[in-house]
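Trainee: I'd like to learn how to read a model like this one. Could you walk me through it?

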Amino acid sequence: MTDSTLPLHREAADPATPQIRLAEIAAAHHELHPVIAGNPSCYPALIEWMLQLGTITPVMPAPAEVTPTAAVPCVAATFEAAGATPGHRW
């Protein structure tokens, strides 16, 4: 675990850190890879390299939650546009 008060950790996390500097930090300090990957300035090729090294793991975004009530107006509008009435069976 790295100390977030250390200057190098702060530099790795800072969105103003140039991409070339992020690459230099990543090459020399593998323990900071999760911090660098979380930096919005981290470029895709650097993330890919860290993934290949196994020092970070891919994060899948949570699926968007769809509530049934949110979908109903769209379905109803589709049926109404087709001339169907509620409860009508095709």
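Trainee: What share of the residues in the protein is buried?
Mentor: Buried means under 20% relative accessible area, exposed means over 50%, and partly exposed is in between, using a 1.4 Å probe and protein chains only. Here, buried residues make up 20% of the 90 residues. Keep in mind that this is a predicted model, where local features need pLDDT of at least 70 and side-chain atom pairs count only at pLDDT 80 or more, while totals for chains, interfaces and linings use all residues. Residues are numbered from 1 along each chain as its sequence is written, and side-chain values use heavy atoms, with hydrogens and water left out.

Trainee: How many helices and strands are there?
Mentor: Both are DSSP runs numbered from the N terminus: helices are H or I with at least four residues, strands are E with at least two. This protein has five helices and zero strands, so the order from the N terminus reads α-α-α-α-α.

Trainee: How do I read the way two helices pack, say H2 and H4?
Mentor: Start with the axes, which are lines fitted to C-alpha atoms, for helices over the stretch in contact; angles run from 0 to 180 degrees between N-to-C directions. The axes of H2 and H4 (residues 44-53) come within 11 Å and cross at roughly 10 degrees. That makes the two helices, H2 and H4, roughly parallel. The cut-offs are under 35 degrees for roughly parallel, over 145 for roughly antiparallel, 65 to 115 for roughly perpendicular, and oblique for the rest.

Trainee: Which residues make that contact?
Mentor: Contact means heavy atoms within 4.5 Å. H2 brings Leu22, Ala23, Ala26 and Ala27, and H4 brings Leu46, Trp49 and Met50. By class, that is seven nonpolar, no polar and no charged residues. Ala, Val, Leu, Ile, Met, Phe, Trp, Tyr, Cys and Pro count as nonpolar, Asp, Glu, Lys and Arg as charged, and the others, Gly among them, as polar.

Trainee: Where is His33, and what does it touch?
Mentor: His33 is in helix H3 (residues 33-37) and is buried, at 0% relative accessible area. Leaving out residues up to four places away in sequence, His33 touches Ala26, Trp49, Met50, Leu53, Thr55 and Ile56. A polar atom of the His33 side chain lies 2.7 Å from the backbone oxygen of Ala26.

Trainee: How many salt bridges does the structure hold?
Mentor: Side chains of opposite charge can pair when their charged atoms come close. A salt bridge is a side-chain nitrogen of Lys or Arg within 4 Å of a carboxyl oxygen of Asp or Glu. The structure holds two. In one, the closest N and O atoms of Arg21 and Glu11 are 2.8 Å apart. Arg21 lies in H2 and Glu11 in H1, so the pair ties together parts that are 10 residues apart in sequence. Arg21 also forms a salt bridge with Glu24, at 3.3 Å between the closest N and O atoms; both lie in H2, three residues apart, about one turn of the helix.

Note on methods:
Polar contact = N/O pair within 3.5 Å; in protein donor to acceptor, adjacent residues only side chain to side chain.
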